[in-house]
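Visitor: Could you walk me through this one? I'd like to talk about side chains and helices.
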Amino acid sequence: MRTVAEGYGLQIDRSGMCLCPFHAEKTPSAKVYPHNIYCFGCGESADVIGFTQKMFSIAEPIEAVRKLNDDYGLHISVGEAPTTAEMSEYHKRIEARRAYEQWEKQAWKTLHDYLWQMRQWRELAPKSPDDVQDERFVYSLHYLDYAEYLCDEFIHADRSGKLAMRSIIDQLKKIQHIM
Ligand SMILES: [Zn+2]
């Protein structure tokens with residue numbers, strides 16, 4: 001969205017705000033998101049195609065796609081049915097994305113459960129100096145900070161960063177089985 005908005009003349013500041021292209025204003029109240037633009041002033045919103053239509057008063061979405069295709073050299077065969085190879089490539093990409101999202105959800109659950117477990121075990125601290133120390137409490141002394149660190153890392157990592165944590169997370173999953 002940003003590429004197209006800037007390409008068609010919008011001045012976007014560092015926080016993603018710009019003067020609304022849909023109504024006249026002096027201070028920016030439109031925000032550019034990865035896949036669309038939304039104006040907090042007039043409530044207008046549009047995706048890349050809708051935005052292109054509005055900017056150039058193009059009635060048909062397909063015509064806006066043609067314009068984007070030309071202006072940005074996208075090499076899309078507009079109006080032609082995709083080839084079998086393109087379709088299978090497309091399905092493969094969708095499938096890969098789904099698999100990743102599923103993994104991400106599961107990985108987060110593993111990390112979060114681990115952190116929760118460490119916090120629970122930390123509660124098992126001996127009540128008096130004579131009490132025998134619970135092994136789980138001792139374990140949590142060693143690993144609570146680590147669990148917090150891992151959760152924090154995961155939340156802030158991008159996709160490849162998250163995937164780089166895969167073996168650690170697999171390891172935790174194995175540990176959780178025997179906890
Ligand atoms: Zn507006």
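Guide: One term before we start: buried means under 20% relative accessible area, exposed over 50%, and partly exposed in between (1.4 Å probe, protein chains only). This is a predicted model, where local features need pLDDT of at least 70, side-chain atom pairs count only at pLDDT 80 or more, and totals for chains, interfaces and linings use all residues. Residues are numbered from 1 along each chain as its sequence is written, and side-chain values use heavy atoms, leaving out hydrogens and water.

Visitor: OK, how many salt bridges are there?
Guide: The count comes to nine, taking a salt bridge as a side-chain nitrogen of Lys or Arg within 4 Å of a carboxyl oxygen of Asp or Glu.

Visitor: What does Glu 6 pair with?
Guide: Arg 2, with the closest N and O atoms 3.4 Å apart. Glu 6 is partly exposed at 38% relative accessible area, and Arg 2 is partly exposed at 35%.

Visitor: And which residue does Glu 148 bridge to?
Guide: Arg 119, at 3.3 Å between the closest N and O atoms. That pair links distant parts of the chain, with Glu 148 in helix α5 and Arg 119 in helix α4 (residues 84–122), 29 residues apart. Helices here are DSSP runs (H or I, at least four residues), numbered from the N terminus.

Visitor: Switching topic: which residues of α5 meet α7?
Guide: Tyr 139, Tyr 146, Leu 150 and Phe 154 in α5 meet Ile 168, Ile 169, Leu 172 and Ile 175 in α7, where contact means heavy atoms within 4.5 Å.

Notes: Helix = DSSP H or I, 4+ residues; strand = E, 2+ residues; numbered from the N terminus.
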